Amino acid sequence: MMDPDVNISTLFFSSQVEFLKDSFVINDQALFARFAEATQKFCFFIFEIDKLVDGDYKFENLYHQDENVLYNLTKNHQESIKLLLKLFPEEHPFWQDLDQTNFRYYQILLKEKHFNKTREVISEEDFEDYADAKHALAYIPIRGMKYLFESKIDTQLLEELFSDIFKAMQMNDDIEDFDADEREGQWTFVHSEVQNFIIENGLQENSHLEKYRERVLYVSGIGEKLTHYAKEKFVSARNAAEEFELKNLTLWLQNAVSMMESNEQLISKLTSE
């Protein structure tokens, strides 16, 4: 079972390459291990860049820490590229895939900050494009594995399965982080939906009520609706993983579905009392 104290996205990405093993004919374990190491280091770098962009680090407090986070993220990126260059020569199409995906990822980070400023209406289509682009670099392990090993599953179908996972995880993260995001000025699809509800229903924000907008999120039914959205995306991905006989991924997704069902039950109980 999943540890409820660990972020669901962290749990997924720490195991992504292992989940992919069932999708390919792994005829060289040493080659797979080198690719997995490169991917792990690159993933660490991306997680740290995301924190950096979001302002999670209080740099003035880091000087006396045992580890230098800026050095660590740079070193992991350096080492991942060195490992990948040993697997993919300079002119290999892998590097064009990585370059295009890097651009898409960093563009969406800028768009995210733009939305934080404009606080404009975000549609479900906008959200799905954002969720996919925010996780775009997680498609690189699929494409890298495709170049290194024989694929058992059409790569496009595999990417569609992962796209459902990314949308589900992003929605779940945005619901769980609603209050923290509001305090930090992050503008998400969930916040946009709550804002629309407040405007459409002529509600006046009550400054005396703690976490007013988070209350609206659940009392309005938006929290329940979006939790159901996340669950259905996980269900869709689980069904595809089951069909493709991806045993480890299917198990992880079943746990994710169970977690969403527990969240639905909790929301229903709290809002009906």
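Me: Where does the charged end of lysine 146 sit?

Reply: A charge sits over a ring if NZ of Lys or CZ of Arg is within 6 Å of the ring centre and within 35 degrees of the ring normal. In this predicted model, the charged end of lysine 146 lies over the ring of tyrosine 147, 5.0 Å from its centre. Lysine 146 belongs to helix H7 (residues 140-148), helices being DSSP runs of H or I with at least four residues, numbered from the N terminus.

Me: Which helix has the lowest confidence and which the highest?

Reply: The quantity to read is pLDDT, the predictor's confidence in each residue, from 0 to 100. The protein chain averages a pLDDT of 93, and 97% of the residues score at least 70. Confidence is lowest in helix H1 (residues 8-13), with a mean of 77, and highest in helix H12 (residues 222-243), at 98.

Me: Why does lysine 146 count as partly exposed, and which residues is it in contact with?

Reply: Buried means under 20% relative accessible area, exposed over 50%, and partly exposed in between, with a 1.4 Å probe and protein chains only. Lysine 146 is partly exposed because its relative accessible area is 35%. Contact means heavy atoms within 4.5 Å, and, leaving aside neighbours within four places in sequence, lysine 146 is in contact with Phe24 and Thr155. By comparison of C-alpha atoms, lysine 146 and tyrosine 57 are separated by 36 Å, and they are 89 residues apart along the chain.

Me: How many aromatic pairs does a search of the whole structure find?

Reply: A pair of aromatic rings is described by the distance of the centres and the angle of the planes. Rings of Phe, Tyr and Trp (its six-membered ring) pair if their centres lie within 6.5 Å, and planes under 30 degrees apart count as stacked, over 60 as edge-to-face and the rest as tilted. The search of the whole structure finds 19 such pairs. One of them joins tyrosine 105 and tyrosine 106 in an edge-to-face arrangement, 5.0 Å centre to centre with 70° between the planes. Tyrosine 105 counts as buried because its relative accessibility is 1%, whereas tyrosine 106, at 31%, is partly exposed.

Me: Which residues of the largest nonpolar core touch the most other members?

Reply: A nonpolar core is a set of buried Ala, Val, Leu, Ile, Met, Phe, Trp, Tyr and Cys residues joined through side-chain atoms within 4.5 Å. The largest one holds 75 residues, and those touching the most other members are Phe12, Leu161, Phe162, Ile165, Phe234, Leu249 and Trp252. One aromatic cluster includes Phe12, Phe162, Phe234 and Trp252. Phenylalanine 162 touches Phe12, Gln16, Leu20, Tyr139, Ile142 and Leu249, not counting residues up to four places away in sequence.

Me: What covers the buried residues of H10?

Reply: The covering elements include helix H6 (124-134), helix H8 (155-176), helix H9 (178-183), helix H11 (212-219) and H12. Among the buried residues of H10 are Phe189, Val190 and His191. Histidine 191 is placed in helix H10 (residues 189-200) and counts as buried because its relative accessibility is 4%. Residues up to four places away in sequence aside, histidine 191 touches Phe178, Asp181, Glu182 and Gln186.

Methods. Residues numbered from 1 in each chain as written. Predicted model: local features only at pLDDT ≥ 70, side-chain atom pairs only at ≥ 80, totals over all residues. Heavy atoms only, no water. Helix = DSSP H or I, 4+ residues; strand = E, 2+ residues; numbered from the N terminus.
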